[in-house]
Amino acid sequence: MEHSTILGIEGGASTTHVEEIDGRGTSLCKFETGPCNLHLQSDASLAGTWRGIAARLQRPPAAIGVFLAGCRTSRDRTRTKRLITDVWPDLPIALGHDLAAAFAAAFGSADGFILVCGTGAGVYARYRGRELTLGGHGHVVGDAGSGYWIAHAALRTIFRFHDNTGRNGLLGQQVLCALGLNTLDELVEWSVSASKEEIAGLCPIVFEARRSRHVSGILHEASDLLADRIAAAAHRLSWDRPRFAVNRGIAAKQPYFLRLIRKSVRRRLPGARIHLATREGSYGAARLALAALNSSGSNVHAHDSAGKPAKPRVRSTGGRKPASRIDDHRQLEKSPTEQRNPRTMDLDRRSVKALVDIMLTEETAVVPAIREASNPIAKAAAWIAAALKDGGRLFYLGAGTSGRLGILDAAECPPTFGTPPTRVQGIMAGGTKALGQSVEAAEDNADYGRQSVRARGVTRGDVLVGIAASGSTPFVLGGMREAHRLGARIVFLTFNPRPPFAIAGNRFLEIAIETGPEAVTGSTRLKAGTATKIVLNMFS
């Protein structure tokens, strides 16, 4: 056994923890991978995840412990064993649900309670030979107080606040930003098809907004629901002064929530001893597999839902007057970005080398054109710097390539500058769905632009950069009008030297750069896109 390893897998709805230990129980390595909830993943998905785990191991394990959310019945264990043995044939296997693995990691063979609170939630307790499992019934009929429950309650709060006030509150703004959506209607559409994992993924945003009265109420209620379950288990096992651990899920990442849980439990069980588990459930899964291996040699062990060994089984396996209409498509036809380029009229007859040369020639003209606009670019950058210094935000608003480049620049700010994701935001016509595919008519709807700006909570302290290559995209123009009405400073970045849109006053700045017709007619992802990327680099 000194050269053998034991593999532990603890799978949840969002994350699977994997850990290898040696024959003495010493942890050798651990890592995380995708979800492994038995009731939410298909056979193909589970098998694919396990093959990915096998590929990362330096050598085959001597035994495996697989403990998954949703693995509660004999039928569940039969399915799990069938899939596991397709990946790791002829190995001893310990099976069960994730609560049992978390308990083994925290208490081993001793008595105690474990509260598992991640995407889902449940309690497993053992006291004087009696065992008890509460919760863990899934997000439809259970999981009260879990990450999913918290995020779902927050979504309901967002819409309740909007219905009562007609406004989108800070929490709603932050959720839209995180999901790359523009309006609450889009959030409704997202929620209908969102998975349990995706909804639970909003949980960190809820904790960021915990000082809000409504959000604070959600988190206090969640801790009370979890404490009620602990107290019920203590009552059923007649243990007045239990010791219990909280698994390394939400509580490890959110110390505030751990404090709430402790307070709630101690109100119900004053003598309770509470600590945060020091090991992941994957370690418990590996220890249970090691125990099964030591007790029966090469026999395969299944574990029941409480993690207790069952009978062994043997396997063989600006500044101009605003245009009167901002959705007039005749203006689009007048933009140089939409005109034929006389230098590229015969692209279909040129060699590949000639095509490369002409493309480089066209792109090379972009930087001198941008340099001509260096003064308004510098002024816009100064506006942005002042806004960010005073706690304001920078918003990019665009459609198509312009929107994608705005989202790209916003996404690069947190890793580059360590800023929170809400400091620089991209708003794109059609939302994140439009990043990879066309969303019909989204860019032609000025009212949609206005709604998107309102839903993101643009205020007087912010700067909004509207990006429209042709200068006439209704979504962008409508959004700029609304942001200006809300008091924000507006920067209009366009590659039409005579755009049909302007807003009077000193809170509007036009940057009109003449990049000329594109090499491919109307394809503003080319020169206009290159120029956009360069200018946004300077802004951020």
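Let's start with charge pairing: there are 14 salt bridges here, where a salt bridge is a side-chain nitrogen of Lys or Arg within 4 Å of a carboxyl oxygen of Asp or Glu. This is a predicted model, so local features need pLDDT of at least 70 and side-chain atom pairs count only at pLDDT 80 or more, while totals for chains, interfaces and linings use all residues. Residues are numbered from 1 along each chain as its sequence is written, and side-chain values use heavy atoms, leaving out hydrogens and water.

Take Asp 228 and Arg 268, whose side chains meet in a salt bridge at 2.6 Å, N to O. Asp 228 sits in helix 9 (residues 213-237) and Arg 268 in helix 11 (residues 255-268), so this pair ties together parts that are 40 residues apart in sequence. Helices here are DSSP runs of H or I with at least four residues, strands are E runs of at least two, and both are numbered from the N terminus. Asp 228 is partly exposed at 37% relative accessible area; that class falls between buried (under 20%) and exposed (over 50%), with a 1.4 Å probe and protein chains only.

Next come Arg 454 and Glu 482, another salt bridge, at 3.6 Å from N to O. Arg 454 belongs to helix 18 (residues 446-455) and Glu 482 to helix 19 (residues 474-485), so the pair links distant parts of the chain, 28 residues apart. Glu 482 is buried, with a relative accessible area of 5%, whereas Arg 454 is partly exposed at 39%.

Glu 131 pairs with Arg 126, their closest N and O atoms being 3.5 Å apart. Arg 126 counts as buried at 15% relative accessibility, and Glu 131 is partly exposed at 32%.

Arg 128 has a positive phi near 50° without being a glycine; it lies in the loop between strand 7 (121-127) and strand 8 (130-135), and at 68% relative accessibility it counts as exposed. Asp 90 also has a positive phi, about 60°, and is not a glycine either. Its loop runs between helix 2 (74-87) and strand 5 (93-96).

Zooming out, the protein chain comes to 20 helices and 15 strands. Of its 540 residues, 55% count as buried, and the C-alpha trace spans about 85 × 60 × 35 Å along its principal axes.
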